[in-house]
Each structure stands twice: as C-alpha cells, then as structure tokens.
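Here is a short tour of a protein with its ligand. Have the model open beside you and follow along.

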Amino acid sequence: MSNTADAIIIGGGIHGASLAFHLGQRGLKSLVLEKKTLAAGATGRSSGLVRMHYDLEPESRLAWKSFEYFRHWKDIIGGDSGFTRTGFIQLVSENYEEALRGNVAMHQRIGIPSLLIDPEDVRRLAPFFRTDDFNVAAYEPESGYADPNAVAASLMDAAKRFGARLVQDCAVTGIQLASGKVSGVSTSQGDFSAPIIVNAAGAWAQSIAAMAGVDLSVDTWRHDVAFVRQPKSIPANYPTVIDNIHSMYFRSETGGLTLIGLEDKNPIGESPDGFTDRAQPGFVERAIERICERIPSMENGDLHSDQGGYDGISPDQRAILGQIGPEGFYAQCGFSGTGFKIAPAVGLCMSELIVDGAAKTVDISPFDPHRFERGDLLKAEHAYEDIWH
Ligand SMILES: Cc1cc2nc3c(=O)[nH]c(=O)nc-3n(C[C@H](O)[C@H](O)[C@H](O)COP(=O)(O)OP(=O)(O)OC[C@H]3O[C@@H](n4cnc5c(N)ncnc54)[C@H](O)[C@@H]3O)c2cc1C
C-alpha cells in the first residue's frame, strides 16, 4: 500500500467519509485514517435526525443542500441511507414564538418546505401528543431521519470508487511539518504523507489540532439517548420532534421503538474515551419522565436500551470549517451535536475550499476557525437559546 496521498483525512466518521467522496469527485485521492473502525465515534451513535430547522441561515442552507443527497441517495452516492420520511415538528415555548416565525420565514425564503401550524394541526398529525402548551409550531413535511452507519458506509464505498482508501485501527500520533506546511502524519501503522491534512476527528479534534501546533476552540460534549418500546396504540412511524418546551427531541425507530435525547445536562469537557455503552446514571428516568409529558400513553411503554456518545463542541455550538495553522491544515469539526444531517453538503463545500480556494455551493466562511480569536461568535437573527444548556 502506498503511503502517499493527495490528502490525509484524520477520522473515519461521516465527515471524513463525506470529504473523501467529494475530494474524489474533484480528482483528489484521500487516505482516511481511523483509529478504530468506520463510524466508531459520534456517527455510529447519532440519532440521525434529518431536518432543516436551524436558527442560523448558513446551517439551514447546509442542511437543505444535504437533504438533496438524502432524498436521492442511491443516485448521488449509491447504497442506502436508511432515510425515513416522518415529517418534522419544532415546538417552542411562548417566549420563542416570534423567533420561530422569523426562522420559518427564513427557511421558506431559501426554498425549504416549512410551514407554521397550530396545535390542532399537530393533533391531526399525532393525535397522541399533548398539545395544550404551545400556540404555534413549525412543520417540515419532507424531513425525517436516516441511518448514520449506513450513510457513513455508503459514502466511504463511494469515496473508494474515486480512489480513496480507509485505514482502520490506525491512530494518528503526530503531524509532520516542513517549511511551515503540513507534509504527513505518524501513526500506529507507520508514516503517511500528503500536502493536505484535514482534522475530522470529532470529539478528538482538539488533540489532533495540538499535533499541528494549533490551539483549536473545540471541547468535548457527551450526549445520551434512550430507546423505549412504545405501546401498540402509537403508530410505528410518527413525526420526528424537537420539543424545546421539554428540552427534548424524539422520533420513531424501527421495531416499534421511540428514541429520546435531552438538550440539558450533556457534560462538556469529559474525556472522549469515556464509557458510552450505557447512558449516565439518572438519564433514563429523566428521558422517560419527559416523553410522558408530551406523549402520556408512553407510560405504558418500557425501556429497551440506552447509550451515549461524544462529539466536539465549539464555543458558539456551531461547526468549525476552514484552514487554520500551518499551510495545508484544515478543520472540519466542532459539529456540536448537530453535524450528521449537514455532512453531505459540508464535505462538498470543504472540497471546494480545498481545491478551488473557496466554497461556492454554500458560503461556509461564517464557520471560519479563526472567529473565536476575533471574539466573533455566530449568533442567529432569530435566536433560540443554545440548543445544549
Ligand atoms: C448520541 C448522539 C446523537 C446525535 N444525534 C444527531 C442527530 O440526530 N442529528 C445530527 O445532525 N447530529 C447528531 N449528532 C451529532 C453527529 O452525530 C456528529 O456531529 C457527527 O457524527 C460528527 O461526525 P464526525 O465525522 O465529525 O465525527 P465522528 O463520527 O466522531 O468521527 C471522528 C472519528 O475520528 C476518529 N479519531 C479520533 N482520534 C483519532 C486519531 N488520533 N487517529 C485516527 N482517528 C481518530 C474517531 O475514532 C472517530 O471515529 C449526535 C451525536 C451524538 C453523540
């Protein structure tokens, strides 16, 4: 196996795979170096929500462009993404009604199928939801969820068709520089060289950046989810929901399950190598209490399983995309718990940046890694509170 490539991508998650595919389309052969196995990090634990509802326009644009991939996965990527259309409902408390209206107007302006609905509409979509604690909601009829493992695997297969290689069980231990430019990496499987190195290491991104002498503003974020066996009265497939009133999101899962995640008490700054085969103590009780607030009949459900995962989080809870530090070194990380659904478009835009010097499909300059030094944190026009609090 040749140890030389056009680009080295550190991290075999959905972002590493997406970038390898898009660089391949543009004629660059990548080496994806993964210390464990494909999708062993956040990607393999992701809840896989696919929706366009963000309060920041560039994120909605990335999600909308990515949606084109999810909708036509077989034609664009090949294989299966497991995309399941359920429709998506965003619920907010009274305090954020105006922001919700502003955001739906922004989504409509950029072409996203999104509309305002009222509690009666929500009852029609999901008669088993409690609907007496909000006045207005956003609805995306086309949205749903996908299968993150299938998405990563099919992206990587597609990348291989363009000459990319995935090296698993290969931990990057150092980054080599020559005359201020990156030249290669040392790993548990020897040295590899390339003039371009991309940090797509998720929750491990800070330590990878440090190897290149870069102090990257990215920390670790832990997130747990629970799967509940839903009672038979609840249909197998119902709308996916972000319920800001209860700081929770949930969706149906195959096998008569409901997946629940919570927006609060997600620890920041833990080691990304912590135990994730089970959720943290107390999480399941909180998750079940909250889902029963929105779906009272869930009291007749029972716990199926629980688990956790780690992602990288930035100070403004938005992605970190672009060149930083030595020439040839790029960041594609800091996805702050929402990076799955935007990965196809992010890979495309990063490939445009790397090959052409600027992204043209979506302007990703707002996600510039240098914004933190400038104190220029991203803030939405119609902002909700931080999603993770
Ligand atoms: C529980 C959970 C639920 C989520 N739900 C959603 C959701 O519903 N929708 C959504 O959009 N987003 C969601 N996210 C966020 C989303 O999953 C992540 O933003 C996304 O998967 C990040 O992908 P990645 O490729 O950047 O990182 P990862 O998938 O973490 O990949 C990074 C890879 O780098 C490897 N690595 C680390 N160090 C090294 C090294 N030294 N050498 C080689 N390889 C290394 C790791 O092993 C890992 O496989 C969720 C995250 C979690 C944890």
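In what follows, Ala, Val, Leu, Ile, Met, Phe, Trp, Tyr, Cys and Pro count as nonpolar, Asp, Glu, Lys and Arg as charged, and the others, Gly among them, as polar. With that in hand, the shell around the ligand in this predicted model divides into 18 nonpolar, 15 polar and five charged residues.

Let's look at that shell. The ligand is surrounded by 38 residues, and the closest are Glu 34, Thr 43, Leu 49, Asp 311 and Lys 341.

On its own, the ligand has 1000 Å² of accessible area, and the protein covers 98% of it. The elements that give two or more residues to the shell are the helices α1 (14-25) and α2 (42-45) and the strands β14 (219-229) and β18 (302-313).

Where does the ligand lie relative to domain 1 and domain 2? Domain 1 (1-85 + 145-217 + 314-389) and domain 2 (86-144 + 219-311) both give residues to the shell, so the ligand lies between them.

Now step back to the whole chain. The protein has 10 helices and 20 strands. Its radius of gyration is 20 Å, close to the 21 Å that the globule rule gives for 389 residues, so the chain is as compact as a globular protein of that length. Along the principal axes, the C-alpha atoms fill a box of roughly 65 × 40 × 40 Å. Of the 389 residues, 59% count as buried.

Technical notes
Residues numbered from 1 in each chain as written. Predicted model: local features only at pLDDT ≥ 70, side-chain atom pairs only at ≥ 80, totals over all residues. Heavy atoms only, no water. Near = heavy atom within 4 Å. Areas by Shrake-Rupley, 256 points an atom, 1.4 Å probe, with all protein chains shown as cover. Helix = DSSP H or I, 4+ residues; strand = E, 2+ residues; numbered from the N terminus. Domains from an automatic or database assignment. Rg over C-alpha atoms; globule rule 2.2 N^0.38 Å. Buried < 20%, exposed > 50% of the residue type's maximum accessible area, 1.4 Å probe, protein only.
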